[in-house]
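Please take a moment with the sequence and the structure before reading on. The paragraphs that follow move from a sheet to a pocket, and then to a few single residues.

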Amino acid sequence: QVQLHESGGGLVQAGESLTLSCTGSGDTFIRHTIGWFRQIPGEEREFVAGVGRIGAAKEYADSVNGRLTISRDNGKNLVTLEIHSLKPEDTAVYYCNTLADLRSGRPLGSWGQGTQVTVSS
């Protein structure tokens, strides 16, 4: 089973962009569809973006569509999430996980520590 680690969060100003990284360990990374989730304080964790095993198929949540770009580099066991035009309401802990499939966005693995994104107005 692949283990994933999130990084790249931080404190940013509204309107800026940020790139988060999800790095996988092990040689099975390419077998997995990977997704990004976020948990806003006081709310349920929600799916925001996913990418298929070879990086061609992508899915985004309607609530953030147009401001996110998900990409993957299987040579580096890496999936990135670019968030553009950040808003204070994007403040959340962001997590990555393996997915059952892109359509459902259902997470399969255990949750890591996540990476905190804080957007100031």
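Helices (H or I, at least four residues) and strands (E, at least two) are DSSP runs numbered from the N terminus, and two strands are said to pair if DSSP finds at least two bridges between them. The model is a predicted one, in which local features need pLDDT of at least 70 and side-chain atom pairs count only at pLDDT 80 or more, while totals for chains, interfaces and linings use all residues. Residues are numbered from 1 along each chain as its sequence is written, and side-chain values use heavy atoms, with hydrogens and water left out.

With these terms in hand, we can begin with the sheet. Strand β1 and strand β3, the latter made of residues 18-25, pair in the antiparallel sense over five bridges, and within this pairing L4 stands opposite G24 in β3. Both strands belong to an open sheet of four strands, whose order is β1-β3-β8-β7 and whose pairing is antiparallel. At its edges lie β1 (3-7) and β7 (68-73), each of which pairs on one side only. From one strand to the next the twist averages 20 degrees, where axes are lines fitted to C-alpha atoms, for helices over the stretch in contact, and angles run from 0 to 180 degrees between N-to-C directions.

Next comes the largest pocket. Rolling a probe the size of a water molecule over the atoms shows where empty space is left. On a 1 Å grid over the protein atoms alone, a pocket is an open set of points with protein on both sides within 12 Å along at least five of seven lines, whereas a cavity is a set of points where a 1.4 Å probe fits but cannot get out; lining residues have an atom within 4 Å of a point. About 200 Å³ of space lies in the largest pocket, a volume being the space filled by probe spheres set on the grid points, which are joined across faces, edges and corners. Its lining includes Q1, V2, Q3 and L4, together with H32, C96 and W111. Strands β1 and β9 (92-99) each supply at least two residues of this lining, and β9 gives the most, with three.

Which residues does V2, one of those in the lining, touch beyond its neighbours within four places in sequence? V2 is in contact (heavy atoms within 4.5 Å) with G24, S25, T28, F29, H32 and T98. V2 is found in the segment before β1, and at 7% relative accessibility it counts as buried, a word that means under 20% relative accessible area, with exposed meaning over 50% and partly exposed in between (1.4 Å probe, protein chains only).

L20, found in strand β3, is also buried, with a relative accessible area of 0%. Leaving aside neighbours within four places in sequence, the contacts of L20 include S7, W36, L81, Y94 and V117. The C-alpha atoms of L20 and V117 are separated by 9.2 Å, although the two residues are 97 residues apart along the chain.

N77, in the loop between β7 and β8 (78-83), has a positive phi of about 50 degrees although it is not a glycine, and at 17% relative accessibility N77 counts as buried. S85 has its place in the loop between β8 and β9; its phi is near 50 degrees, a positive value in a residue other than glycine, and S85 is partly exposed, with a relative accessible area of 40%.
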